[in-house]
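This report describes a loop residue and a sheet. Please look at the sequence and the structure first.

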Amino acid sequence: IVAESNLTFTGGTLTVKGDKSNEEAILKVQPDSTNGRDAVLVVEGARNLSTTANTAMIRLQNQDDHLSDANQYNILGAIVGRVTDHSDNHGDMHFLTYADGATASETMTLKGDGKVGIGTTSPAGELHVAGSIIVDYALAHGGDTNNQIQFDTDTQNFKTDGTTRMTITSAGKVGINNTSPSARLHVETTNTYSNGISDATA
């Protein structure tokens with residue numbers, strides 16, 4: 001510490017002050033060797049038999065001297081660790097947001113088994129979203145990106161092997177092997193159907 005006056009320990013809280021801007025570090029964890037060393041910052045709680053307490057937390061907050069009311073000191077977000085099974089002392093990570101600067105909301109959970117929950121603290125699969133998912137372009141299969149559900153303006157295309165097999169237009173018309181269906185159901189085939197199915201030759 002360059003100036004000891006910037007380092008205080010009061011009431012069990014260690015405070016490090018600095019006059020930095022442009023994302024310069026105020027607190028830096030660095031090994032004392034230039035190679036072959038790792039830098040580790042440990043935040044360790046001490047709870048017995050608790051499965052609800054935020055036993056370890058990194059909290060992000062801001063002080064705004066231009067505000068004189070309750071908004072002068074607000075919490076922006078936090079990453080917390082909680083013990084979920086006190087019999088063997090293991091648990092999960094939780095990402096909290098604070099819409100009003102004070103009240104925590106469980107936004108994302110990363111379970112100990114790797115499952116991720118957004119809007120839920122009990123994800124049932126690798127990714128469990130309790131709400132809507134907005135996709136700009138497409139959903140693709142991880143092992144074969146030629147298989148996609150593609151989203152265009154007011155239109156959906158279903159592709160296999162990189163080829164559009166089915167299209168749903170903005171008017172609600174469905175085309176199978178046809179990207180510009182002319183009826184509610186337009187099947188591009190050599191067979192002839194009725195009941196509103198438009199037929200064409202493949």
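## A loop residue and a sheet

Thr55 touches Glu44, Gly45, Arg47, Gly81, Arg82 and Val83, leaving aside residues up to four places away in sequence; contact means heavy atoms within 4.5 Å. The model is predicted: local features need pLDDT of at least 70 and side-chain atom pairs count only at pLDDT 80 or more, while totals for chains, interfaces and linings use all residues. Residues are numbered from 1 along each chain as its sequence is written, and side-chain values use heavy atoms, with hydrogens and water left out.

Thr55 sits in the loop between strand E2 (13-16) and strand E3 (56-63). Strands (E, at least two residues) are DSSP runs, numbered from the N terminus. A polar atom of the Thr55 side chain lies 2.9 Å from the backbone oxygen of Gly81.

E3 also belongs to an open sheet of 6 strands, in the order E3-E4-E5-E6-E7-E8, with mixed pairing. E3 and strand E8 (127-129) stand at the edges with a single partner strand each, so one side of each has no neighbour in the sheet. Two strands pair if DSSP finds at least two bridges between them.

| Pair | Residues | Bridges |
|---|---|---|
| E5 and E6 | 90-97 and 105-110 | 5 bridges |
| E6 and E7 | E7: 116-118 | 3 bridges |

Thr109 of E6 is the bridge partner of His94, and in E7 the bridge partner of Thr109 is Gly117. Leu96 has Glu106 in E6 as its bridge partner. E6 and E7 form a hairpin with 5 residues between them, and Gly114 in the turn has a positive phi of about 95°.

Terms used: Helices (H or I, at least four residues) and strands (E, at least two) are DSSP runs, numbered from the N terminus. A polar contact is a pair of N or O atoms within 3.5 Å; within protein, one must be able to donate a hydrogen and the other to accept it, and residues adjacent in sequence count only if both atoms are side-chain atoms.
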